[in-house]
Amino acid sequence: MLNLGLDILGLARFQFGMTTVFHFFFVPFSIGLAFVVAVMETMYAIKGDEDYKKMAQFWGKMFLYSFAVGVVTGIIQEFQFGMNWSEYSRFMGDIFGAPLAIEALAAFFMESTFIGMWMFTWGRFNKWVHTLFIWLVMFGSSLSALWILAANSFMQNPLGYIINSKTGHVQMVSFGKVIGNPQLWNEFPHVIFGAFVTASFVIAGCCAWRLLKKDHVAFYRKSLNVALVIGLIFSVGSIASGDMQSRYLINNQPMKFAAMEGLYKNSTNKGEWSAVAGFDNKQHKTTWSVDVPYVLNLLSYHKTTGTVKGMNTINKEMHAKYDKKFGSDMNYYVPTKTLFWSFRIMSGAGALFALLAIVGLIFNRKKSQAIMKQRWFLYILGLCLWLPFIVNTAGWFITEFGRYPWIVYGLLTIADAVSPNVSVASLLTTNIVYFLMFAGMGVVMIVLCHRVLKAGPDDELTDGYASSDTDLDPYSKGAFNHD
Amino acid sequence: MTSLQFIWFILIGVLFSGFFFLDGFDFGVGMLVKSFAKNTAERDVVIRTIGPHWDGNEVWLITAGGAMFASFPMWYATLFSGYYLILFLILAALIFRGVSFEFRANMETDTWRNFWEWAATIGSFCAAFLFGMLFTSMIAGMPIDKNGDMTAHFTDYVNLFSLVGGVAVTVLCLVHGLNFIRLKTEGSLRDRALAWNKILYPVLFAGEVLFAVLLYFSTDFFDKKPLSTTAIVVALVIVTCLAYWGVLGNHEWLSFIGSGLGLVSVVVLIFNGLFPRVMIANNPAYSLLIKNSSNSPYTLHLMTILTFSILPIVLIYFIWSYWVFYKRLASPKQDA
């Protein structure tokens, strides 16, 4: 067989990372867009202002593309547990299958049914009923996030289980504990708020590019306002929930927290926080850093005193705890650089979003023309359109790389979870093909969204299954009334 | 085997039946995009018949997969890792056809529209064919070891029996799709669908007979359960006859229900033959059984309560959404 230094484990991990990151470009974007579009349509229902209807339809088009890609890449997610991680599936089936099945039953059916209803019934129903459809889509997609995060939370912090003495697999003893997992309730708000921020800054960025071209100024300024109000509320929400989550980690997954802050040694009572730093992964030490006193303690405990355990200490503790079962040659260090920089990208971007939203709202006041004059600001806003996708990825890098070497924290290692019967050649082939497909879909997605923007809000016939036959326009009145 | 395990075995069968009944016709409609529909306007209408529904239909597959994980993780792990490459091809097919509907409508050039139309057509063909092949080879027995890991070779997946199974399922989906188009359109497309089915049904009969003969030689179904297996095969032929009668006499609902039940009876045939196993190993000692592949009673109990409380609500709005889009679509004018 080919010997390229590739092994099943590495390829399976790469595939999981790649498919998940790509899938998760579209998930928060779709959830967020559903929310923003729902808000816009609700404003239309309340005020009767046609502009809001136009907005909902216009941004709704991007939502439909994103949703389609999200759905099809989601099937890969469900299948690959069995395909690449059969030992994991056997070990975790009793816990993991339940939320996955409930996700499909309670959430996916709701999303997929009502998105069809929303898309094809403009003008056929009372506007409140039609608005309800998009809220149900939004509700369904948030529910799906909740269930899959319930499954993920068990992997981070196993609760409500026993180990079956005969099979050695986990067995659920309390469903209440599985869904009451504090990890879940720390993670879920952060993910949902992050989704709302994602959509609002993508919309804001698109508006900025059009405003630079002085195209449909009134429409894009109004859209920008909605996006920035939502963006402001939820970037503050993201920061607050992120803070909650990281403080939860100190006790729950200290290794992850220490790596996020780049602490090899225990911190001193002065709470020196490294703003930037360099690391030597082999020697397990920090080579250089720029430190600010007290910030670490403020971040960790919201006060100026206290100490945080470093990775070297935690590594020893973990050896003491797990060596009996997993052997002494385990490596409990997580990829420090990845976590350290991901955390800085994520939290820095969070603060930037809040700032941009405030400044943008001030410039975009109703009577002021400031937003049109401050072109530098529009350029920044336009570029920040891409930032949420990087930030979302960084967030998951912290969560998932920080779990190393476990697939289920303290119970099963990643190396023991992979399918033993899948060949390197199969995995290599699928990795390449997935990569090409994702690249292709990503490009088409960007091209389509760009085309929607270029066509502008007055373009009636851009979405769905419309054609030159106006009767087939899903947004027109009387579509389907053919008899 | 406990009663909960039995219920879940049946439920998985029900979910796969739902998937084949529903996605069966939208696979069929997808296959017809390039050949049956003659021009862009016709393709718009043909795709539009499944536009609001294909996504929801596919959720039946996701639910069946999730439910299998939640009830029989050993089955899920063995099946999904063992059928690695086939499932990968199915995923690729489902992805291409899934995004094609949305993407094609927004392409500006004919070349690209053409590309996504082919994606819909080929994707739908491959998905139906590969599912047929997967399930057919599965019931013939596979090389599964003591740990439940399956390491199959090319000829284990691809052989005369599995190819016939794949073709039979594809043709079943195709006639089912045509029957759906007959229900959902009026004018030239509706007439053409009828004409196509008049030709396709005799092909389907031939396929079903060949499948039944190979079933006798390739599986232990007729040895282990001669009565029920024969009864289900006969039922398959009867519903196909009824559907064909619906074609000849132009009874559209009868045809549609008949072709749908044809797909359902294939699923019933498979599940009946599997029982009390879930995966058939070449070495019978290593076959996975219902009794030792399932989750704990706690999880099964929980899933039973949740499923029986959520599924009825889902069915209500799912059916309602079909009712909302009940009206027929007009075929485009010939000169369009």
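Reply: In this predicted model, chain A has an average pLDDT of 90, and 94% of its residues score at least 70. Among the elements of chain A, the highest mean pLDDT, 96, belongs to helix 6 (residues 182-212), whereas helix 9 (residues 295-301) has the lowest, at 88. Over residues 461-483 of chain A, pLDDT stays under 50; for this stretch the model has 56 contacts beyond four places in sequence.

Helix 1 (residues 3-35) and helix 8 (residues 160-184) of chain B pack with their axes 7 Å apart, at an angle of about 85 degrees. Because of that angle, helix 1 of chain B is roughly perpendicular to helix 8 of chain B. By class, eleven nonpolar and four polar residues make up this contact, with no charged residues. Helix 1 of chain B contributes residues including B:Gly24, B:Phe25, B:Phe27 and B:Gly28. On the side of helix 8 of chain B, the residues met include B:Leu172, B:Cys173, B:His176 and B:Phe180.

Chain B also meets the other chain: 65 of its residues are in contact with 65 residues of chain A. Among the elements that give two or more residues to the side of chain B that touches chain A are helix 3 (54-71), helix 5 (84-104) and strand 4 (329-330) of chain B. Helix 14 of chain B gives the most, with 13 residues. The residues on this side of chain B divide into 40 nonpolar, 18 polar and seven charged.

Technical notes:
Residues numbered from 1 in each chain as written. Chains lettered and ligands numbered in written order. Predicted model: local features only at pLDDT ≥ 70, side-chain atom pairs only at ≥ 80, totals over all residues. Contact = placed C-beta atoms within 7 Å. Helix = DSSP H or I, 4+ residues; strand = E, 2+ residues; numbered from the N terminus. Nonpolar A, V, L, I, M, F, W, Y, C, P; charged D, E, K, R; others polar. pLDDT = per-residue confidence, 0-100. Axes fitted to C-alpha atoms, helices over the stretch in contact; angles between N-to-C directions. Parallel < 35°, antiparallel > 145°, perpendicular 65-115°, else oblique.
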